[in-house]
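Me: I've got a model open and want to talk through a few of its local details. Can we go step by step?

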Amino acid sequence: MQVVIIDNEAPIRRTLKQILKLYCPGVEVIGEANSVQSGLELLSEKEPDLVFLDIEMNDGTGMDLLQQLPNREFEVVFVTAYDRYALEAFKFSAIDYLLKPVDPDDLVDAVNRAKEARDKANLSVQLSVLLNNMQSMSQSEKKIVLRDTESIYVLEVREIIRCQAEGSYTRFFLGDDSEVLVSRHLKSYEQMLAGYGFFRSHHSHLINLHQIKRFDKSDGGMLIMRDQSMLPVSSRRKTQLLELLESL
């Protein structure tokens with residue numbers, strides 16, 4: 001795999017190269033740049049498989065650079081010092097990133113994910129969602145990107161009725177009665193959606209509290225969702241669920 005590094009901080013570029021050399025023997029760094037303009041010039045000369053791209057540079061942002069490359073033929077991992085709130089936007093957009101200072105294990109994982117990536121046309125859609133989420137302060141307007149083996153889905157979070165664990169996969173049930181199966185554990189979505197009205201009512205179920213039709217207290221408790229699905233409630237989570245419902 002051939003790699004290009006575009007970052008305006010020389011120490012970061014050196015660190016990335018050192019970690020790649022030590023832990024990613026199949027990776028070759030074929031060029032580096034320190035700005036949007038020099039990055040564009042470098043990418044006009046090189047054909048990398050993967051670009052590590054800084055967010056904030058002296059003459060613009062990494063997103064500015066990508067928007068000038070409509071026919072991108074490489075994977076991208078953003079390198080950023082953004083705080084945890086801005087990082088939510090990356091997670092919802094399914095765009096890979098590394099947080100400065102770069103952790104070697106995170107870098108190796110990012111390289112492995114880039115190697116496994118199949119659909120190289122996704123980034124323009126994901127970038128659009130990223131920009132929307134970073135600019136939007138409204139939870140009701142929050143969007144999320146989901147990917148399966150064949151498609152990329154851009155959904156409004158409020159469209160999601162519930163999520164169900166299926167081994168290492170998560171199945172999303174949507175308001176139009178469609179479903180999306182994603183190769184990712186339910187826990188990662190529990191963490192991502194916790195601040196947006198979602199609750200882990202059972203070890204297999206993550207529900208949108210605003211999509212509950214009613215809660216039947218008999219037989220230990222059963223949730224009836226707006227898609228008519230009936231879901232069990234864990235006994236240890238019942239009290240917390242009732243408190244949340246009363247606060248809606």
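Reply: Helices (H or I, at least four residues) and strands (E, at least two) are DSSP runs, numbered from the N terminus. This is a predicted model, where local features need pLDDT of at least 70, side-chain atom pairs count only at pLDDT 80 or more, and totals for chains, interfaces and linings use all residues. Residues are numbered from 1 along each chain as its sequence is written, and side-chain values use heavy atoms, with hydrogens and water left out.

Me: Where is Gln211 found?
Reply: Look at strand S14 (205–208) and strand S15 (212–216). Gln211 is found in the loop between S14 and S15.

Me: Is Gln211 buried or exposed?
Reply: The scale goes like this: buried means under 20% relative accessible area, exposed over 50%, partly exposed in between (1.4 Å probe, protein chains only). Gln211 has 15% relative accessibility, so Gln211 counts as buried.

Me: Which backbone oxygen does the side chain of Gln211 reach?
Reply: Contact means heavy atoms within 4.5 Å. Leaving aside neighbours within four places in sequence, Gln211 is in contact with residues including Ile160, Ile161, Met225 and Arg226. At 3.1 Å, the side chain of Gln211 reaches the backbone oxygen of Arg158.

Me: How many salt bridges does the count come to?
Reply: Side chains of opposite charge can pair when their charged atoms come close. The rule for a salt bridge is a side-chain nitrogen of Lys or Arg within 4 Å of a carboxyl oxygen of Asp or Glu. By this rule the count comes to 11.

Me: How many residues apart in sequence are the parts that Glu9 and Lys100 tie together?
Reply: The side chains of Glu9 and Lys100 meet in a salt bridge, 2.7 Å from N to O. Glu9 lies in the loop between strand S1 (2–6) and helix H1 (10–23), and Lys100 in the loop between strand S7 (97–99) and helix H5 (104–116), so the parts tied together are 91 residues apart in sequence.

Me: Which residues are linked with Glu9 and Lys100 in a network of salt bridges?
Reply: Glu9 is partly exposed at 35% relative accessible area, whereas Lys100 is buried at 16%. Their salt-bridge network also takes in Asp7 and Asp54.

Me: Which residue forms a salt bridge with Arg200?
Reply: Arg200 counts as buried, with 14% relative accessibility. Its partner counts as partly exposed at 23%, and the closest N and O atoms are 2.6 Å apart. Arg200 sits in strand S13 (residues 198–202) and the partner in helix H7 (residues 186–193), 10 residues apart. That partner is Glu190.

Me: What is omega for the peptide bond from Lys100 to Pro101?
Reply: Most residues other than glycine have a negative phi, and most peptide bonds are trans. Pro101 is found in the loop between S7 and H5. The bond from Lys100 to Pro101 is cis, with omega near -5 degrees.

Me: What phi does Asp177 have?
Reply: Asp177 is in the loop between strand S11 (169–174) and strand S12 (179–182), and with 64% relative accessibility it counts as exposed. Although Asp177 is not a glycine, its phi is positive, at about 75 degrees.

Me: And Gln228, what is its phi near?
Reply: Gln228 lies in the loop between strand S16 (222–225) and strand S17 (230–232). Its phi is positive in a residue other than glycine, near 75 degrees.

Conventions: Polar contact = N/O pair within 3.5 Å; in protein donor to acceptor, adjacent residues only side chain to side chain.
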